[in-house]
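Please examine the sequence and the three-dimensional structure shown below.

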Amino acid sequence: MSDQKNPTVSAAHTVSSYDDELQFLVRRISEMGGIAERMVEESVAALVNSDAALSQKVISDDLLLDDAERQIGEKAVLIIAKRQPMASDLRDIIGSIRIAADLERVGDMAKNNAKRVLAVQGMAQPKKLVRGIEHLSELALTQLKEVLDAYSSRSSELANSVRQRDDEIDAIYTSLFRELLTYMMEDPRNITACTHLLFCAKNIERIGDHATNIAETVYYMATGSQLTTERPKDDETASVVVRN
Amino acid sequence: MNMMSEAAVEAAVGAKTTAQPPIKMQGRLVNVSYGDNQALFDVDLDVRLHQVTALIGPSGCGKSTFLRCLNRMNDTIEGCRVKGSITLDGADIYDPSIDVVELRANVGMVFQKPNPFPKTIYENVAYGPRIHGLATGKAEMDEIVETSLRKAGLFEEVKDRLHTAGTGLSGGQQQRLCIARAIAVSPEVILMDEPCSALDPIATAKVEELIDELRVNYTIVIVTHSMQQAARVSQRTAMFHLGRLVEEGATDKMFTNPDDQRTQDYITGRYG
C-alpha cells in the first residue's frame with residue numbers, strides 16, 4: 001500500500017500524443033532556461049569587459065525568449081482545451097506557464113544590463129565594484145542553474161533549498177548598494193557609471209527573485225502544495241542611508 | 001519560527017475540513033459477491049447530508065455495485081450476496097424489518113439511459129405518489145406533479161403537453177423527467193448511475209445544474225465516467241479500483257493533488 005502513495009509522473013498516458021504535447025512544454029522550458037542562463041552570463045561579461053558586440057548579441061537573443069514564452073502559452077492553452085488535464089498533469093501545465101513567464105523576465109533583466117554597457121563604457125570602474133557585480137551574478141546564476149535542475153528532476157527538496165538560499169544574494173546586493181553610494185559621494189564624476197551599475201545590481205538581484213519564484217512553482221508541481229512559510233530575506237537596501 | 005507558522009496553517013486548514021455535514025448513509029465493511037465472483041471488498045464509505053458524492057473508477061471497479069447496494073437494487077440480481085452494514089440515518093437498510101419498497105422511495109434512483117414509462121408525462125410523475133398513496137385527490141396530485149417537474153427544471157418546457165407521451169421528449173428532457181419521477185415520492189437520497197452518458201453537452205449541462213440545485217434538499221450519490229463531471233458536480237469523490245475503495249476525499253483535492261498513485265493514474269488518463 002505504501003508504495004502507492006506520493007504519486008509521481010511515471011507511466012505514459014493511454015493517448016501517446018498527450019505525452020508528446022507535455023514533452024514539448026518540458027523541452028521548450030529547458031531551452032528557455034539555457035538561453036536565459038547564457039544571456040545573464042554574457043551580459044555581465046559584456047559589462048565587465050565593455051564588450052559592445054557581446055551586449056548587442058544579448059539584446060537580440062531576448063527575442064528568442066519572447067518567442068518561446070508565447071509558444072509555451074499557446075501550447076498550454078491548447079492542451080488544456082483538448083485534454084482537460086487533471087492532477088499532476090494540470091499542475092505541470094500551469095507550472096510551465098508560470099516558469100516561462102519568469103524566464104522571460106530573466107531575459108529582460110539580462111537585456112537591460114546589456115543596454116547599460118554603452119553608458120558605462122569608457123568610465124573608470126573600480127575593480128572592487130566589478131568583482132562585486134561578478135560575484136552577485138555568479139550567485140544568481142547558480143540559483144538559476146539549480147532551480148532548472150530542480151525543474152527537470154521535479155525535486156521539491158532541491159527547489160526548497162534554492163528558495164532558502166536567496167538571502168545570500170540579498171546580502172551581497174545590500175553591501176554593493178552601500179559601496180556604490182560611497183563611491184558616488186567620494187567623487188560626483190562616478191555618479192553616471194555608479195547609477196548604471198546600481199541598476200545592473202538590482203537587475204541581477206531580481207534574477208535571483210525569479211529563480212525563487214521558479215523554485216516555488218517547481219515545489220508546487222512536485223507536491224501539489226504551496227510553500228507558505230516566509231523565506232529568509234536579507235535585502236536591506238530600502239533602509240540604507242550613508243551620511244558624510 | 002517557520003515550523004510554528006506551518007503548524008498553525010495546518011491546524012487552521014484541518015479545522016476547516018473536519019467541520020463536515022452529518023452522515024446520511026454509511027457503508028461499513030461492505031462485501032458483495034455475484035456467485036463466486038467477489039465484486040466489493042471491505043468498503044467503508046460515508047455519504048454526507050446535502051452533499052454530492054461522486055463514485056469514480058475504471059469499468060468493473062465496483063462503483064455501480066456499491067451504488068446499487070444503497071437502495072438494495074442488488075436484491076433483484078440472482079446469486080448476489082451483500083455482507084457488512086449499510087445504514088440510512090443510522091438504521092440498517094438490510095435489516096429484515098425494512099420495507100424495501102419504502103426504502104427505494106426514500107433512496108431514489110436515476111439510471112444511465114432515460115427510461116420513462118410508456119405513459120404520459122403527467123402519469124410518469126404521478127405513478128410513484130399514487131402507489132405510495134401520497135396524494136388524496138386530483139388537486140393534490142396535480143400539485144405534486146407540477147412541483148416535481150419544476151424541481152427537475154422541466155415544467156416550463158412541458159406544461160402545455162403534460163398529457164402527451166413521455167417517450168416523445170428529447171433525451172435530455174426524458175432524463176429530467178426521470179429525475180422528476182424520482183423526486184415525486186419525496187426521497188431523501190437520490191442515486192444516479194451515469195445520468196448524463198447518453199446526453200449531449202447542453203442536456204448534460206442542464207442536468208449538472210439541476211444536480212447542484214437538488215443538493216440543497218437532497219443527498220446525492222453519482223456514478224460517472226467523466227472525470228470533469230465528477231470534478232464539477234461533487235463535493236466528495238470516492239475512487240474505486242478492483243472492488244476496493246482506494247481513496248476518498250474532498251473533490252477539490254482529489255482532482256488537483258490525489259494521495260494515491262492509482263487515483264493519479266486513472267484521472268490523468270494513464271490507467272492500464
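**The contact between the chains**

In this predicted model, 21 residues of chain B are in contact with 20 residues of chain A, two residues being in contact if their C-beta atoms, placed from the backbone, lie within 7 Å. Residues are numbered from 1 along each chain as its sequence is written, and chains are lettered from A and ligands numbered from 1 in the order in which they are written. Because the model is predicted, local features need pLDDT of at least 70 and side-chain atom pairs count only at pLDDT 80 or more, whereas totals for chains, interfaces and linings use all residues.

On the side of chain B that touches chain A, the elements giving two or more residues are helix H1 (2–18), helix H9 (227–233) and helix H11 (261–267) of chain B. Helices (H or I, at least four residues) and strands (E, at least two) are DSSP runs, numbered from the N terminus. H11(B) provides the largest share of this side, five residues. By class, the side comprises five nonpolar, 10 polar and six charged residues; Ala, Val, Leu, Ile, Met, Phe, Trp, Tyr, Cys and Pro count as nonpolar, Asp, Glu, Lys and Arg as charged, and the others, Gly among them, as polar.

Chain A has seven helices and zero strands. Its C-alpha atoms fill a box of roughly 70 × 35 × 20 Å, taken along the principal axes. Of its 244 residues, 39% are buried, that is, 20 or more other C-beta atoms lie within 10 Å of the residue's own, with C-beta atoms placed from the backbone.

Helix H3 (residues 87–120) of chain A has 34 residues, which at 1.5 Å a residue should span 50 Å, and this agrees with the 50 Å between its end C-alpha atoms; the expected span is 1.5 Å times one less than the number of residues. Since 24 of the 34 residues are buried, H3(A) is largely enclosed by the rest of the structure. Just after H3(A), Gly122(A) takes a positive phi of about 80°.

In helix H5 (residues 156–164) of chain A, the buried residues are Ala159(A), Asn160(A), Val162(A) and Arg163(A). They cover an arc of only 155° around the axis, so they lie on the same side of H5(A); the arc is that of the directions from the helix axis to the C-beta atoms. These buried residues pack against helix H4 (127–153), helix H6 (166–186) and helix H7 (191–223) of chain A.

Chain B contains an open sheet of six strands in the order E6-E7-E8-E3-E9-E10, with mixed pairing; two strands pair if DSSP finds at least two bridges between them. Strand E6 (107–110) and strand E10 (244–250) of chain B are the edge strands, each pairing on one side only.

Strand E3 (residues 52–56) of chain B runs parallel to strand E8 (residues 219–223) of chain B, joined by four bridges. Ala54(B) stands opposite Ile222(B) in E8(B), and Leu55(B) has Val223(B) as its bridge partner. Four bridges also join E3(B) to strand E9 (residues 236–241) of chain B, again in parallel, and here Ile56(B) stands opposite Met239(B). Val52(B), Ala54(B) and Ile56(B) point one way from E3(B), Thr53(B) and Leu55(B) point the other way, and all are buried.

Notes
A residue is buried if 20 or more other C-beta atoms lie within 10 Å of its own, exposed if 12 or fewer, and partly exposed in between; C-beta atoms are placed from the backbone.
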